[in-house]
Amino acid sequence: MYLVKRGKAPGQAHVGVPDGLYEEEHGRQGFTGPSSHLYRSHPPTGWVRIDGPLRPRACACAALPVPDLEAAAGGPVEILRSPDARVFVSRRAHTMPYFLRNADGDEVYFIHAGQGRIETDYGVLAYEPGDYVVIPKGTTYRIHVDAGPCLSLIVETPAPVGVPDRGLLGHHALFDLGVVTAPELDPSLDGKERPEWEVRIKRDGAVTTVAYPFYPMDVVGWKGDLWAAKLNVRDFRPVMSPRYHLPPSVHATFQAGGALFSTFAPRPLESDPQSLKVPFYHRNMDYDEVLFYHAGEFFSRAGITPGMLTLHPQGIHHGPQPQAVQASREKTATTEIAVMIESRRPFEVLPEFERAEVKDYAMSWSRG
């Protein structure tokens, strides 16, 4: 294949889109493979009806009934599942009375609200809104709630979580590993207040319970390169271009096999008056895309509030609302903070998702 140009199309992608036309990127391998840019006379999201499993969907996670909100011994709820990633929502209001060990995969917690501590084999990590906490597979841990409820998005991946290759940007781009926080051992947590401690081990959806007559967090020292870690979004430094709208893939934060994590942090918008400022329309041909909205103004669309989650499946268009394209011309920066989780294999929407689903989300592009 080689570059071909036909009809009314600018030479540079995302720059100088003719008035009255809408640019769409049709690409492969996320935003890193072969692609073409189509210039349409109507927004590709301008449907009047959509039926079937590929319709875009949204969930108000902050309103989702979750067992760990009501009972300390409760757990999170699973709302999405694929072979690459499983997505859970936690609204924990009380400290866990048990320890948990996940034998199914690594876990990434994104803390939306609440404060507390995560007690692990490797020591204690304090958490606050905007924290990613990466817990390796097989780590024993317990969540303490100091100020709650604590709303968290939890993503479980069978492949280990790591930092993607930054290529020519170098390994200090977006965030330097020097800002990643490691746990600190806390000898004051000795568990003397209980005669018996429960550890729940999860594998293939089944739970095995182990009871110890002693406090199971009895590690007095460790060394190695596998440990629970924390990164806050304020330490994420997005890469930007003043003359070209960069694809979402430049915000990649973690990778785990077929699952990708990206962070949309406050950033200056493109200063070139001909450059597109809002995300371009695209079809997600190789990934299902989930966005969790954490804070700020989500400038590419209206009707989104913090704590909401959206799902845009492979094959169906999405992009900015037409009104957002016009409004973006006057903006100079974004204030949004959002987390994107992409899965190479399609997500299954689970029944719990529907308990807080925003039913008319698929028509939100038509409403404006």
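**Entry 1: cysteines**

I began with Cys 61, which counts as buried because its relative accessibility is 0%. My cut-offs, with a 1.4 Å probe and protein chains only, are under 20% relative accessible area for buried, over 50% for exposed, and partly exposed in between. The model is a predicted one, so I kept local features only at pLDDT of at least 70 and side-chain atom pairs only at pLDDT 80 or more, while totals for chains, interfaces and linings use all residues. Residues are numbered from 1 along each chain as its sequence is written, and side-chain values use heavy atoms, with hydrogens and water left out.

How many disulfides does the structure hold? I found 0 disulfides, taking a disulfide as a pair of cysteine sulfur atoms within 2.5 Å. Cys 61 is in no disulfide, and its nearest cysteine sulfur belongs to Cys 59, 4.3 Å away. Cys 150 is in no disulfide either; the nearest cysteine sulfur there is that of Cys 61, at 15 Å. I also looked up the accessibility of Cys 150: it is buried, with a relative accessible area of 3%. For my own reference, a disulfide is a covalent bond between the sulfur atoms of two cysteines.

**Entry 2: a buried arginine**

Next I looked up Arg 91, which is found in strand β5 (residues 86–92). Strands are DSSP runs of E with at least two residues, helices are runs of H or I with at least four, and both are numbered from the N terminus. Arg 91 is buried yet has no salt bridge. A salt bridge needs a side-chain nitrogen of Lys or Arg within 4 Å of a carboxyl oxygen of Asp or Glu. Which side chain of opposite charge is nearest to Arg 91? That is Glu 70, 6.7 Å away. For charge, I count Lys and Arg as positive and Asp and Glu as negative, and I do not count His or the chain ends.

I then listed contacts of Arg 91 (heavy atoms within 4.5 Å). Leaving aside neighbours within four places in sequence, Arg 91 touches residues including Cys 61, Asp 68 and Cys 150. Both cysteines from my previous entry are therefore on this list, Cys 61 being buried at 0% and Cys 150 being buried at 3%.

**Entry 3: salt bridges**

I counted 22 salt bridges. In one of them, Asp 286 meets Arg 28 at 2.8 Å, N to O. Asp 286 lies in the loop between β19 and β20 (288–295) and Arg 28 in the loop between β1 and β2 (35–40), so this pair ties together parts 258 residues apart in sequence. Asp 286 is buried at 11% relative accessible area, whereas Arg 28 is partly exposed at 45%.

Glu 357 and Arg 55 form another salt bridge, with their closest N and O atoms 3.9 Å apart. This pair links distant parts of the chain, 302 residues apart: Glu 357 is in the loop between α3 (351–354) and α4 (364–367), and Arg 55 is in the loop between β2 and β3 (57–60). I noted Glu 357 as buried at 12% and Arg 55 as partly exposed at 29%.

Arg 57 and Glu 354 also form a salt bridge, the closest N and O atoms being 3.5 Å apart. Arg 57 lies in strand β3 and Glu 354 in helix α3, so the pair ties together parts 297 residues apart in sequence. Arg 57 is buried at 10%; Glu 354 is partly exposed at 41%.

I also found a network of salt bridges that links Glu 78, Arg 81, Arg 86, Asp 104, Glu 156 and Lys 202.

**Entry 4: rings**

I counted 17 aromatic pairs. Rings of Phe, Tyr and Trp (its six-membered ring) pair if their centres lie within 6.5 Å; planes under 30 degrees apart are stacked, over 60 edge-to-face, and the rest tilted. Tyr 22 and Tyr 281 are an edge-to-face pair, 6.4 Å centre to centre with 70° between the planes. Tyr 22 is in strand β1 (residues 22–27) and Tyr 281 in strand β19 (residues 281–282), 259 residues apart. Tyr 22 is partly exposed at 25%, while Tyr 281 is buried at 3%.

Phe 110 and Tyr 132 are also edge-to-face, at 5.2 Å and 65°. Phe 110 is buried at 2%, and Tyr 132 is buried at 1%.
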